[in-house]
Amino acid sequence: MAGPFVFKIAMGDTSPVLNVMLSSPSISDREFKTISENLERELTTKIPGIKNIRVAGVADEEIDIIVNNETLLMYGLTIDDILVAVNASNFRTPGGTLDVSGRRYLVRTSGTIDDLEKINNILVRTGDSGQRLYLRDVANVERRFIRGRIQSYLNGEKALSLYIMRKPDSNVIGVNTEVKKIVDQFSKQFDDMKVSYKNDQGEAIYETVSVLRNNALLGIVLVSILLFFFMGWRASFLAVIGIPFSFLATFFMMKFFGYTINSLSLFAMIVVSGMLVDDAIVVIENVYRYREEGLSSRDAVLKGTSEIMWPIISAIATTICAFMPLLLISGIIGKFLELMPVIVVLTLTASLIEALIVLPVHLYEMKKLYREDKKPERKWFGFMLDKYRKLLNFALNYRYISILCVILLFISSIYVAKNLRIVLFGDVPAKTVSAKMELAENTPIERTRELSREIESHIIDELYPDYIDSVVTIVGRVIEDRRWMEKEEVAEFRIDLRDYDEEVMNIVRNVVRKKAVSIPDIINFEFLRATGGPPSGRPVDARISGNDLEVLQTVGDKIIAFLREVPGVVDLRASVQDRINEIVVNPDYKKLEQTNVDLNSVAQAVRSATAGRYAGRYLDIDGKELRMWIRFDRDRQHTINDIRNIPVRSRNGLIFRIGDVASVSEVQTVARIRRSNRQREARVTANIDYSLTTPYAANLKLLENFEDIGEEYPGISLILEGEFEEQQQANRDVILAFLVAIILIYMILGIQFNSPFQPFVIMVTLPLAFIGVAYGLFISGLDLSLMALIALVALAGIVVNDSIILVDFINSFSKTKERREALIEAGSKRLRPILLTTVTTIGGLMPMAIFARGGNKMWQPMAITIIWGIMFATVLTLFVIPVLYAIIDDIRALFFKICGKKC
């Protein structure tokens with residue numbers, strides 16, 4: 001017994017980086033075949049980054065020897081007789097070697113067929129009286145182009161498609177650029193050749209990278225403006241030069257470790273772009289403070305840097321500890337995200353080196369950084385500082401009411417968060433809407449093309465040119481479960497929109513879906529989702545396991561009926577419903593014995609007549625070899641009687657019909673039986689209209705309604721897979737990452753402050769950040785996606801940074817001042833650097849939060865989560881931490897009073 005067929009699927013094998021489409025009204029099928037071969041050869045030889053090229057839309061030329069039952073029976077022949085005659089006239093036989101006159105020759109006998117007339121003149125049989133029966137007497141020989149199983153159309157016109165697959169280590173943009181150069185040059189040989197480039201991943205990557213790059217540059221500009229606004233041009237210049245230094249150092253380390261520049265690595269840099277100046281701000285501000293107190297430039301730099309060195313290291317370490325646990329996320333989502341924490345760690349490490357080593361040197365060299373006659377604060381900041389001191393004093397006076405208000409605000413944020421929709425990545429706007437159509441099993445490709453043309457024409461009539469640029473139709477091939485599926489009953493549509501527009505995308509989907517639903521022959525029509533993240537399962541994917549096919553059918557029908565009533569659930573399909581029509585030939589063993597017909601002869605005769613019989617190769621005049629087939633006429637409408645009338649020869653040479661030795665009947669049967677863990681299964685899948693619901697909500701309703709299905713139907717189990725399963729696993733991984741981050745941050749803070757109490761005070765900022773996250777997503781109209789949850793984990797390390805230095809200053813001032821005075825003084829001294837680090841982080845992310853488009857929309861929830869989280873946490877931290885200190889002092893005083901000890 002043969003072993004199992006094992007195969008490995010790589011994304012490069014199923015995801016072409018470019019689709020080259022060629023069309024021309026004047027080029028024949030034969031010329032198109034030659035063009036595809038020549039162009040494919042030229043591309044693969046000249047571009048080393050191409051792994052392979054898949055071709056669609058090319059007609060294959062072959063030699064058909066067309067026979068029919070009536071003629072065969074009239075002359076007492078079978079298809080095997082025709083095959084034997086053709087093979088006897090078409091062969092090459094080596095004969096060995098022969099030495100002639102001192103030279104050695106190879107000897108072979110050649111009877112190769114290289115002319116249609118030779119095929120017609122093949123002798124099939126010679127009668128007893130000498131009459132000859134030639135192939136032309138019993139068959140029609142035709143040289144014809146057979147449209148391949150994969151047909152390609154652009155805006156309804158026949159086209160040649162070349163799908164370019166790249167090697168894993170090649171550059172997508174470079175490969176696509178070279179392909180376009182060669183194709184453009186190649187097409188100039190033909191006057192009316194039209195060339196179109198579709199599904200250009202290089203262009204998509206370039207656009208994504210450009211958006212991220214522009215957002216990064218805009219973020220740096222905003223950070224620079226904000227720093228200048230707070231600190232003046234000299235100080236802001238010194239802080240900002242740390243950004244390119246950190247990025248260049250990061251690029252160097254990425255090259256060393258073998259990482260590439262892509263959308264994920266660029267976004268990771270955008271996330272930290274505002275944080276890169278945080279350390280510099282703290283150093284500059286502290287050195288500036290000592291310069292104002294009269295210290296020399298050298299002493300101010302040494303004391304100012306050394307004083308906040310360990311708090312800065314702790315702040316960087318806590319941020320790193322917040323990102324690194326993201327490596328714990330498993331599965332394909334974890335693989336997709338693993339580069340982000342690595343890039344964050346590399347970039348922050350580079351910024352730490354710059355802030356503690358490079359920056360102090362620049363501060364010392366720029367002795368005129370701060371003029372002695374310059375006031376420490378500008379008027380507007382002096383006004384802000386005065387208001388802050390008054391508000392903080394008020395909060396300390398009413399500290400219990402203040403902390404109660406914060407608690408109530410946190411409780412309200414929990415209520416807001418509960419009303420947020422939960423999604424994995426969401427449905428991002430795309431420039432291409434993809435859909436696939438499926439008809440009943442074994443539907444001829446001609447019928448598939450007929451229905452695909454109907455949908456194609458409807459799309460062009462209704463949507464072109466107002467909403468779409470073009471529509472590409474591929475008949476006979478779809479991508480399913482991340483691999484190519486070639487079947488005659490399937491078709492794929494790729495509709496190119498004019499721009500990224502979610503409203504237009506939904507209009508297109510609704511127009512196409514409405515048309516598809518009106519065609520009863522279409523058993524499945526679904527849109528392929530455009531997510532900015534890695535490939536995920538279907539939004540709804542219910543697996544029903546059991547042994548009884550009828551029960552599986554019943555349960556599947558119930559689930560489909562239920563989902564039809566759930567708003568937003570579309571493109572429903574149940575695999576158990578897949579049935580095919582079959583013609584079954586059942587041999588009558590008694591008749592086989594009576595007629596002396598072999599059962600294998602019956603099977604071979606049926607197969608030869610229906611599938612055709614390969615009869616060797618035909619050598620064309622230009623050296624090409626064409627395949628020869630003996631078959632029935634495929635252009636003719638056949639009936640079940642054609643099967644009954646197929647001639648079959650008995651062992652003693654007599655001719656019978658299939659109907660003489662077997663019964664032929666038409667039945668309907670299950671197309672395929674799926675199995676999982678040795679049990680039969682059925683699958684119900686569906687897509688989601690995100691404007692009405694989410695996959696998470698739809699799956700929860702399904703789970704709640706069918707949680708007792710095993711009791712109603714013993715032996716039946718229901719498991720929800722696809723996106724729901726991936727989201728559940730991702731949520732568990734993110735929670736684990738969050739807990740690990742909290743533990744690591746607490747340990748670092750404990751080491752920094754040598755106290756179990758002060759880290760607890762600092763980490764109060766985490767629920768403060770959650771308040772901002774909940775209200776930020778709600779106000780922005782965004783869902784609680786996986787990206788938002790990951791940003792929440794990252795916030796655990798970001799928001800504590802300001803608190804670390806604030807607590808450090810409270811400890812320092814408490815040694816020489818009364819506690820209340822120390823609280824107000826520490827808050828006042830740290831107000832400017834805290835506000836600066838906050839606004840620079842927000843400024844770095846603001847462009848992504850506002851200007852994200854297309855696939856970059858996936859990153860928007862992360863940007864908004866960090867912006868709102870750090871904004872709320874910063875504002876509340878400036879008041880809550882001093883208030884907490886005051887309340888804890890009250891508790892300590894009360895404790896000592898009760899114990900009878902002096903405070």
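Modeller: A salt bridge is a side-chain nitrogen of Lys or Arg within 4 Å of a carboxyl oxygen of Asp or Glu. The structure above is a predicted model, in which local features need pLDDT of at least 70 and side-chain atom pairs count only at pLDDT 80 or more, while totals for chains, interfaces and linings use all residues. Residues are numbered from 1 along each chain as its sequence is written, and side-chain values use heavy atoms, without hydrogens and water.

Biologist: Which parts of the chain does the pair of Arg-543 and Glu-721 link?

Modeller: Helices (H or I, at least four residues) and strands (E, at least two) are DSSP runs, numbered from the N terminus. Arg-543 belongs to strand S17 (residues 540-546) and Glu-721 to strand S27 (residues 717-721), so that distant parts of the chain, 178 residues apart, are linked. The pair is also part of a network of salt bridges that joins Asp-541, Arg-543, Arg-683 and Glu-721.

Biologist: Is Arg-543 buried or exposed?

Modeller: Relative accessible area decides this: buried is under 20%, exposed over 50%, and partly exposed in between (1.4 Å probe, protein chains only). Arg-543 has a relative accessible area of 8% and is therefore buried. Glu-721 is buried as well, with a relative accessible area of 14%.

Biologist: Which residue meets Asp-80 in a salt bridge?

Modeller: Its partner is Arg-613, with a distance of 2.4 Å, N to O, between the side chains. This pair too links distant parts of the chain: Asp-80 is in helix H4 (residues 79-88) and Arg-613 in strand S20 (residues 613-619), 533 residues apart. Asp-80 is partly exposed at a relative accessible area of 35%, and Arg-613 is partly exposed at 21%.

Biologist: Which residue meets Asp-81 in a salt bridge?

Modeller: The side chain of Asp-81 meets that of Arg-649 at 2.3 Å, N to O. Because Asp-81 lies in helix H4 and Arg-649 in strand S22 (residues 647-649), the pair ties together parts that are 568 residues apart in sequence. Arg-649 is partly exposed, with a relative accessible area of 28%.

Biologist: How many disulfides does the structure hold?

Modeller: A disulfide is a pair of cysteine sulfur atoms within 2.5 Å. The structure holds 0 disulfides. As for individual cysteines, Cys-321 counts as buried at 13% relative accessibility, whereas Cys-405 counts as partly exposed at 46%.

Biologist: Which residues make the nonpolar surface patch of about 450 Å²?

Modeller: Patches are made of residues with over 30% relative accessible area and no salt bridge, like charges being joined within 9 Å and nonpolar side chains (Val, Leu, Ile, Met, Phe, Trp, Tyr) within 5 Å. Accessible areas come from the Shrake-Rupley method with a 1.4 Å probe; for residues, only the protein chains shown count as cover. Here the patch is made by Leu-218, Val-221, Ile-225, Ile-850 and Phe-851. Helix H8 (201-231) and helix H33 (819-851) are the elements that give two or more residues to the patch. H8 gives the most, with 3 residues, and Ile-225 is placed in helix H8.

Biologist: Where is the place of Ile-519?

Modeller: Ile-519 is in the loop between helix H20 (502-517) and strand S16 (524-528). At 6% relative accessibility, Ile-519 counts as buried. The C-alpha atoms of Ile-519 and Glu-454 are separated by 9.4 Å, although the two residues are 65 residues apart along the chain.
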